[in-house]
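These notebook entries record what I looked up, entry by entry.

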Amino acid sequence: MNELLGVSAIVIPSDYETSKTIYIATGDRDSWDNSSVGVLKSTDDGKTWKKTGLSFAPSDMSKVNKLLLHPTNNNTLLAATSTGVYRTINGGTDWTSESDFSFIDLEYKPGDFNTLYGSQDGGIYTSTDGGKNWIASYQSTGGRIELAVSPNESTWVYAIVTDSDGGLGTIQKSIDSGSTFDEVFSGSTTNLLNWDVNSTETGGQGWYDLSLAASIADANVLFVGGINTWRSTDGGLNWELNSHWSGQGEVPAIHADKHNLVFRENGDLFECNDGGIYASDDNGTNWYDLSNGLVISQIYKLGVSVLNEDETITGLQDNGTKLRFNDVWKDVNGGDGMECIIDYTDNNIQYGTYVNGEIHRTTDQWLTVNKIITPKDENNKVISGAWVTPYIIDPVDHKTLYAGYGDVWKTTDQGDTWTKISDIATTDNIRVMAI
């Protein structure tokens with residue numbers, strides 16, 4: 001298979017040492033960047049993959065959001081998909097439809113695989129017959145909901161609920177196996193999903209990065225992941241900042257955008273974020289980056305030097321702009337990295353971009369950086385381009401560059417001033433340009 005896949009869940013059976021079996025749920029559940037081809041299975045350590053009986057065509061625009069493996073039967077799995085809940089009892093060869101509910105998260109009651117909890121925007125549902133029938137146990141006007149359970153308190157269920165702005169709406173708790181839920185923390189107290197250290201402001205990215213985990217050893221120890229990571233030691237009543245995307249708040253600087261938090265049976269906690277994989281063996285007091293060597297960067301654009309064949313600059317999704325010089329990669333610009341250019345007359349002059357056409361320039365190979373004056377409309381409002389805004393350097397005059405927003409803009413002084421040279425006025429913004 002040569003598919004370009006997003007993977008939203010990985011399951012490794014307990015007999016992995018002998019079976020070498022791995023299951024993956026394909027499709028990007030968090031940002032819907034690509035669709036699912038179903039559940040894939042490998043029996044050779046992930047070297048090769050085959051489709052199982054649960055398959056989709058990319059044109060179906062489906063997603064497999066979650067996989068659950070039976071705790072004592074490695075051939076029984078549940079799949080929560082955008083088209084319903086499916087079950088296999090023969091290791092993925094055949095799947096049966098259990099219900100039409102589209103859940104983004106699915107958990108089972110520790111010790112009881114027939115009692116299930118499913119969440120979708122605005123609601124939590126409980127099943128006591130393995131997923132055939134569901135009862136609404138919590139309803140909300142908010143958005144995405146993630147769930148967490150712990151074998152330490154098998155009847156407890158935690159839920160984090162986003163509001164309509166992607167911030168924290170509420171954290172709910174059930175102590176009766178999902179029959180009823182009560183609020184333990186309100187987002188109006190502190191918006192744990194905001195960018196800031198201690199915010200009561202609205203907003204966040206809960207539609208994109210949202211995770212919740214309860215400790216296996218102590219169900220009162222909880223972790224919430226959004227843009228940052230937060231920890232509670234009293235069942236969600238109080239929270240403390242555990243890590244921050246830029247290191248504010250006197251906590252460790254851990255990469256932003258947390259997509260999954262998972263406890264291992266020995267108590268180790270793993271965090272998956274847009275920067276890679278981190279782990280803690282002391283309930284989040286210390287974190288260790290395990291990402292070195294993983295070839296997982298998502299490259300938007302690449303620029304090369306005409307004067308030095310070994311100098312390259314690249315823009316990465318959520319991992320900034322990086323320059324390779326003298327056989328060493330280094331970060332030169334933060335956030336999302338987009339289009340990047342090395343001046344063909346002088347390697348010291350380079351350009352990098354943030355989202356929507358915010359262009360930065362250096363004249364000393366990134367020892368210092370200046371934001372180029374972004375074009376403004378007739379009302380003196382800064383113009384916003386496409387997520388990846390195209391801009392190109394003139395092949396004859398290196399001081400001349402062109403940038404595509406709703407129209408084409410031109411600079412003849414390396415970005416200090418800009419002039420609009422077209423009258424396209426597209427509302428979708430220009431995506432590609434060439435000279």
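Entry 1. I noted the cut-offs for exposure before using them: buried means under 20% relative accessible area, exposed means over 50%, and partly exposed lies in between. I also noted that the model is predicted.

Entry 2. I looked up Ile-296, which has a relative accessible area of 47%. I found Ile-296 in the loop between strand 24 (288–289) and strand 25 (299–304). Ile-296 also belongs to a nonpolar patch on the surface, together with Ile-277, Tyr-288, Leu-290 and Leu-294. The accessible area of this patch comes to about 430 Å².

Entry 3. I turned to the sheets and recalled that strands of a sheet pair through backbone hydrogen bonds, either parallel or antiparallel.

Entry 4. I traced an open sheet of four strands in the order 17-18-19-20, with antiparallel pairing. Strand 17 (211–214) and strand 20 (240–243) each have a single partner strand, so one side of each is without a neighbour in the sheet. From one strand to the next, the twist averages 25 degrees. Strand 19 (residues 229–232) is joined to strand 20 by three bridges. I noted that Arg-231 has Glu-240, in strand 20, as its bridge partner.

Entry 5. I traced another open sheet of four strands, antiparallel and in the order 29-30-31-32. Its edges are strand 29 (341–342) and strand 32 (370–371). Five bridges link strand 30 (residues 350–354) with strand 31 (residues 358–362). For Gly-352, I recorded His-360 in strand 31 as the bridge partner.

Terms used: Residues are numbered from 1 along each chain as its sequence is written. This is a predicted model: local features need pLDDT of at least 70, side-chain atom pairs count only at pLDDT 80 or more; totals for chains, interfaces and linings use all residues. Side-chain values use heavy atoms; hydrogens and water are left out. Two strands pair if DSSP finds at least two bridges between them. Helices (H or I, at least four residues) and strands (E, at least two) are DSSP runs, numbered from the N terminus. Axes are lines fitted to C-alpha atoms, for helices over the stretch in contact, and angles run from 0 to 180 degrees between N-to-C directions. Patches are made of residues with over 30% relative accessible area and no salt bridge: like charges are joined within 9 Å, nonpolar side chains (Val, Leu, Ile, Met, Phe, Trp, Tyr) within 5 Å. Accessible areas come from the Shrake-Rupley method with a 1.4 Å probe; for residues, only the protein chains shown count as cover. A salt bridge is a side-chain nitrogen of Lys or Arg within 4 Å of a carboxyl oxygen of Asp or Glu. Buried means under 20% relative accessible area, exposed over 50%, partly exposed in between (1.4 Å probe, protein chains only).
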